[in-house]
Amino acid sequence: MCRRDAHAQRHREALVPDVLAPDLDLVFCGTAPSPISYREHAYYANPGNSFWRTLHTVGVLPELLAPKRYAEVLRHGIGLTDLNKTEYGSDHELSPLAMDRDALRAKLRRFRPAAVAFTSKNAGALFFGAKTLAYGRQGQAIVGTLDDPVLSVITYFVLSSPSGRARSWWTLQPWEEAAAFVKARREARLSRSLSA
């Protein structure tokens, strides 16, 4: 059974607020907060979750951030959100109707990030309405299904889940691919500023 926060349900507030701004290099999107993330009101707060360590390892963040410092990702051109903003728990505990693909699409249209990285195959499949997706950068066959001129120019990645429960499916390669995308954007920005 999914777990809801009564206050969030009444007021449609997020259990953990979005960290979004215009023109970010990359927005990470999960399904919903874990019970520990809900309790801590912070993204990827379970000590067994490797999200923050991985972002530092692959170079997306220059330092290892504690989950409570999640809002600081904006300084590095990174954003955070979830498909389900009103429930917490494991994917199998969440209500299908609370997976708000339309709300996420509206956020992406508004903020127009360069890329979105889903932190599990399930999150990516829910967004695209696909049965299965491969890890890594998604090709035009998948992106084209969005049939939206704004959403179709965004680059999409599907990452292996950093959850401790998903260790048997863990692979660093898609995270490195997303990090390389971010690095290339940062280098291009630096080059433009130096030549200006």
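Predicted model: local features only at pLDDT ≥ 70, side-chain atom pairs only at ≥ 80, totals over all residues.
Reader: Why are α4 and α5 called roughly perpendicular to each other?

Author: Helix α4, residues 101-111, packs against helix α5, residues 121-128, at an angle of about 85 degrees. The range for this class is 65 to 115 degrees, and α4 and α5 are therefore roughly perpendicular to each other. Their axes are 9 Å apart.

Reader: Which residues in α4 meet which residues in α5?

Author: From α4 come Arg101, Leu104, Arg105 and Leu108, and they meet Leu126, Phe127 and Phe128 in α5. Sorted by class, this contact has five nonpolar and two charged residues, and no polar residues. Leu and Phe count as nonpolar and Arg as charged.

Reader: What makes Asp23 count as exposed?

Author: The relative accessible area of Asp23 is 56%. Exposed means over 50%, so Asp23 is exposed. Asp23 lies in the loop between α1 (6-11) and β2 (26-30), and its phi is near 60 degrees, a positive value in a residue other than glycine.

Reader: How do you know whether Asp147 is buried or exposed?

Author: Buried would require under 20% relative accessible area, and exposed requires over 50%. Asp147 has 73% relative accessibility and therefore counts as exposed. The loop between α6 (140-143) and β7 (155-158) holds Asp147. Phi of Asp147 is near 50 degrees, again a positive value in a residue other than glycine.

Technical notes:
Residues numbered from 1 in each chain as written. Heavy atoms only, no water. Axes fitted to C-alpha atoms, helices over the stretch in contact; angles between N-to-C directions. Helix = DSSP H or I, 4+ residues; strand = E, 2+ residues; numbered from the N terminus. Parallel < 35°, antiparallel > 145°, perpendicular 65-115°, else oblique. Contact = heavy atoms within 4.5 Å. Buried < 20%, exposed > 50% of the residue type's maximum accessible area, 1.4 Å probe, protein only.
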